[in-house]
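Please look over the sequence and the structure before reading on.

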Amino acid sequence: MKAIVCRTHGRPDVLRLEEIDKPIVSDDGLLVRVHASSINPVDFFPLSRVAYTARLLSGGLKPKPKVLGIDFAGTVESVGEGVTDFRPGDEVFGGANGAFAEYVSLPSKKGVVLKPANLTFEQAAAVPVAGVTALQALRDHGRVEKGQKVLINGASGGVGSFAVQIAKALGAEVTAVCSTRNVDTARSHGADRVIDYSREDFIRDDERYDLMIDIAGNRSWSECRRILNRNAIFVAAGASANTVWGGNRTLRHLIGIRLASIRGPQKLALFIAKLNKENMIALQELLQTGKIRPVIDRQYELNQVLDAFTYMGEGHAKGKIVITI
Ligand SMILES: NC(=O)c1ccc[n+]([C@@H]2O[C@H](COP(=O)([O-])OP(=O)(O)OC[C@H]3O[C@@H](n4cnc5c(N)ncnc54)[C@H](OP(=O)(O)O)[C@@H]3O)[C@@H](O)[C@H]2O)c1
């Protein structure tokens with residue numbers, strides 16, 4: 001099968017489209033023919049020196065080639081003997097390592113569910129990592145409640161576009177921060193108020209918020225605190241304003257807010273999203289009922305993955321970047 005393989009570290013131009021063996025299906029697993037995937041900042045990680053070194057050590061100094069990609073939507077090709085919840089022909093979506101490929105395999109109990117019929121494969125592939133991150137940021141870490149005032153900084157990218165819609169679906173009053181060209185989209189997702197960061201500075205706002213979901217990660221803790229209520233929660237979901245090449249800058253930002261937040265009444269939550277079955281079912285329901293809709297900025301084919309990485313690396317994707325396979 002065709003797959004995007006990473007054999008070393010470096011810029012995305014080290015990635016290769018290769019012919020490799022199809023993955024093996026375990027007794028409790030599914031083999032999915034992937035029709036579409038989508039790219040996330042986490043897909044840059046295997047290109048880092050840290051990830052390369054880990055592959056080197058785990059492969060006995062002969063680094064294991066790594067197939068990139070996590071999000072997928074496709075059709076079940078075959079199932080293991082012990083699988084009763086899926087059958088060949090089912091249209092599914094979810095997350096598994098190695099999704100920039102014609103086939104992906106994963107245990108049926110992991111983060112895979114039936115694709116809602118009202119979504120194309122491309123739309124479904126745009127959901128898993130970004131959707132789960134937005135859901136967990138708001139529901140689990142932000143513990144958002146109906147009527148609460150929520151500010152979403154970085155409201156127009158993959159995570160942000162889902163965060164605005166999910167916050168509305170959970171009954172929050174939402175203020176979205178994004179650039180001029182994304183103001184109308186944020187409004188169309190239901191944001192009650194939109195702050196265009198190129199014209200207005202949200203930390204000078206008179207409003208006080210119960211929850212801030214920070215996806216852009218471009219402001220310090222002391223700046224953000226000013227606009228938070230005493231019992232507010234600040235969820236640091238990302239640092240997209242540092243771009244995926246930010247590396248140490250992103251880490252410095254997260255350590256900085258962690259240390260600065262120790263004193264003071266507001267709570268800080270840092271987290272790494274868990275792409276599991278329960279979260280995928282919650283997203284499936286939000287999609288089926290039309291409460292959230294994926295936003296697709298651009299589509300690339302598998303042999304154009306380098307262009308997809310380059311575009312995402314610029315840090316201004318409007319919704320999701322999809323890879324068709
Ligand atoms: N915690 C986790 O488990 C987890 C999971 C997934 C992602 N993340 C992190 O979350 C972040 C976002 O991921 P993503 O997939 O949404 O990335 P993305 O799609 O590339 O998002 C980029 C967005 O950031 C916005 N942005 C850039 N500079 C900004 C600024 N100064 N103020 C406000 N918005 C700004 C851009 O909007 P404009 O074009 O309008 O500037 C663009 O829409 C990344 O740092 C990623 O690593 C974390």
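Which residues of β9 lie on one side, which lie on the other, and are they buried or exposed?

## Strand β9

The model is a predicted one. In β9, Lys 149, Leu 151 and Asn 153 are on one side, while Val 150 and Ile 152 are on the other. These residues are all buried, and both faces of the strand are covered. Strand β9 spans residues 149-153, and because five of its five residues are buried, β9 is largely enclosed by the rest of the structure.

## Partners of β9

Strand β9 runs parallel to β10, and five bridges join the two. Within this pairing, Lys 149 has Glu 173 of β10 as its bridge partner. Between β9 and β10 the chain passes through α4, making a β-α-β crossover that is right-handed.

Strand β9 also pairs with β12 (residues 209-214), again in the parallel sense, over four bridges. Here Ile 152 stands opposite Ile 213 of β12.

## A three-stranded sheet

Another element to look at is an open sheet of three strands, ordered β2-β1-β4, with antiparallel pairing. Its edge strands, β2 (16-19) and β4 (66-67), each pair on one side only. Strands of a sheet pair through backbone hydrogen bonds, either parallel or antiparallel.

Strand β1 covers residues 2-6 and is joined to β4 by two bridges in the antiparallel sense. In this pairing, the bridge partner of Cys 6 is Lys 66 of β4.

## Two domains

The domain assignment divides the protein into domain 1 (2-127 + 294-324) and domain 2 (129-270). Taken over C-alpha atoms, the centres of domain 1 and domain 2 are separated by 27 Å. Domain 1 puts 16 residues into the contact, and domain 2 puts in 14 residues. On the side of domain 1 that touches domain 2, eight residues are nonpolar, five are polar and three are charged.

## Around the ligand

Which residues come nearest to the ligand? Out of 33 residues around the ligand, these are Gly 157, Gly 158, Ser 179, Gly 238 and His 316. The shell is made up of 17 nonpolar residues, 15 polar residues and one charged residue.

Both domain 1 and domain 2 take part in the shell around the ligand, each with at least three residues. Among the elements that each supply at least two residues of this shell are α3 (128-141), α4 (158-169) and β10 (173-178).

Terms used. Residues are numbered from 1 along each chain as its sequence is written. This is a predicted model: local features need pLDDT of at least 70, side-chain atom pairs count only at pLDDT 80 or more; totals for chains, interfaces and linings use all residues. A residue is near a molecule or strand if its C-beta atom, placed from the backbone, lies within 6 Å of it. Ala, Val, Leu, Ile, Met, Phe, Trp, Tyr, Cys and Pro count as nonpolar, Asp, Glu, Lys and Arg as charged, and the others, Gly among them, as polar. Domain bounds come from an automatic or database domain assignment. Two strands pair if DSSP finds at least two bridges between them. Two residues are in contact if their C-beta atoms, placed from the backbone, lie within 7 Å. A residue is buried if 20 or more other C-beta atoms lie within 10 Å of its own, exposed if 12 or fewer, and partly exposed in between; C-beta atoms are placed from the backbone. A crossover is right-handed if, with the strands pointing away from the viewer, the path from the first strand over the helix to the second runs clockwise.
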